[in-house]
Amino acid sequence: MIYLLMTRRSFHIAKVCGDSSLELKTVLKELIPRRRQEILELRERCGNIKVGNITVGSVIGGMRDNKSMFWQSSSLDPYEGIKFQGKTIQDCQNLLPRDSKDFKKKESFLPEGMFWLLMTGQIPTREQIFHLSKELGVTGRKLPGYTDKLMSNLPFDVHPMTQLAIGLASMNTTSEFARKYEKGQIGKDEYWEYVFDDVINLIAALPQLSGKIYSRIAANGEPLGEFKEDRDWSYNICSLLGMTSKCSCNLQNLTSKQSDDFVNLMKLYTGIHVDHEDGNVSAHATHLVGSALSDPYLSYSSGVMGLAGPLHGLAAQEVVRFLIEMNSYISSPHNESKIEKYVWNLLRSKRVVPGYGHAVLRKTDPRFIALLDFVKARPEEFSQDKNVVLMEKLSEIAPKVLKEHGKCKNPYPNVDSASGILFYHYGIKELLFFTVIFACSRSMGPLTQLVWDRALGLPIERPTSLNFNSLHSL
């Protein structure tokens, strides 16, 4: 039955889009043999070369700065910031295909284009991205019946990220990879193809899953919008959250312009959050679980649970609370002396400034800059929002204070400084839900790597551990 559904889906997509050269899977079939040969040659030529030194401090300090994982799709440099297949965020804004309905705004590149770039290292054509959007639309129009029923019967107070992880894990019953592997019907060289199919199905399901979760938070489970097969992935997320002036209940009574801007914000947010190399918890957890040949649904549900941790995916919520609290104490978000005094009092009381600093970066986060540019391009929308005004003003003042304080390696704003407060501005005020949106975006990077892990035949991840005696004897 599952195979029949997959065949019908493939036939539907082929009928709509025609040319197989537009298919991401076809492009991968051409790339993978070359990459397999490259990694074989790399192992043979460089297998014994040491990459770096592991210290006792790094062993007991969370493996910080240990270079020990292979990750192709993105890299993070302390001073250049995040790069996706070697492309900066600004490069991606300039080069990736944009929504044909809003082609003038540079921030409105489609996350589907980022997914293609991560997967292939190539800039896709508009036709290829139309094909991919159509595939995600056809595939994601409906959740499996048992997943839908399971989600509907969860208690309403279950954490949004727990709901998402449960929904994703339940979908592993549809896993083509798991089914074929269990029956012994595939060889190692074919693993990637079925993992790829699962990955497409999983990403396609995220608008429905996130919409289902939000409807339970905001509307007692009543549907908030329509899923449109002919619209892109980000638009469907917005519609199912009830955040569009068309195709949804328009939960926040947005004007047509506000609705369009929110859709563009969703495209930008989900586009710039797709990946952040393998060192972060959600990516590493997905990679680790997938290395045991767990299917993508189980693997990414593990990543989602890691993303739910307060040290990883909850920072945007903390910034929103922080900005609201600060605004309740200062007379005006334009009062620089009051803001500076507030930050100093915070630091003297041994607290941190949420949204500032980063484990790797030593400059302003380029993702923050992209979101700030979004705000600056819409002064009529944001100039009266004291929380957004404070976010922008704080980005000028806080780094100066933190530098003078002298105990922060990176005194500059990171992406969390802006992301949550922008969703809050448009009316999404259920703070725990922010991470669900984050999880929709972050799926693309780790799941891209999962496909390549299987294509290149990478082994199960199994480092060796050390106890106290071993460490003392070094």
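V56 is partly exposed, with a relative accessible area of 34%, where buried denotes under 20% relative accessible area, exposed over 50%, and partly exposed the range in between (1.4 Å probe, protein chains only). The model is a predicted one, in which local features need pLDDT of at least 70 and side-chain atom pairs count only at pLDDT 80 or more, while totals for chains, interfaces and linings use all residues. Residues are numbered from 1 along each chain as its sequence is written, and side-chain values use heavy atoms, with hydrogens and water left out.

V56 belongs to helix α3, which spans residues 56-60; helices are DSSP runs of H or I with at least four residues, numbered from the N terminus. Together with I54, V59, I60, L466 and L474, V56 forms a nonpolar surface patch with about 590 Å² of accessible area. Such patches are made of residues with over 30% relative accessible area and no salt bridge, nonpolar side chains (Val, Leu, Ile, Met, Phe, Trp, Tyr) being joined within 5 Å and like charges within 9 Å.

Helix α10 (residues 191-218) contains A204, which is buried at 1% relative accessibility. Apart from neighbours within four places in sequence, A204 is in contact with L136, T139 and G140, contact being defined as heavy atoms within 4.5 Å. The side chain of T139 reaches the backbone oxygen of E135 at 2.7 Å.

A169 is placed in helix α8 (residues 160-170) and is partly exposed, with a relative accessible area of 25%. When residues up to four places away in sequence are not counted, A169 touches Y297, L298 and S301. Between A169 and G211, which are 42 residues apart in sequence, the C-alpha to C-alpha distance is 17 Å.

With regard to cysteines, the structure holds 0 disulfides, a disulfide being a pair of cysteine sulfur atoms within 2.5 Å. For C249, the closest cysteine sulfur is that of C247, and the 12 Å between the two sulfur atoms is too far for a bond. C440 is also in no disulfide, the nearest cysteine sulfur, that of C238, being 10 Å away. C249 is partly exposed at 43% relative accessibility, whereas C440 is buried, with a relative accessible area of 1%.

Definitions and conventions. Accessible areas come from the Shrake-Rupley method with a 1.4 Å probe; for residues, only the protein chains shown count as cover. A salt bridge is a side-chain nitrogen of Lys or Arg within 4 Å of a carboxyl oxygen of Asp or Glu. Helices (H or I, at least four residues) and strands (E, at least two) are DSSP runs, numbered from the N terminus. A polar contact is a pair of N or O atoms within 3.5 Å; within protein, one must be able to donate a hydrogen and the other to accept it, and residues adjacent in sequence count only if both atoms are side-chain atoms.
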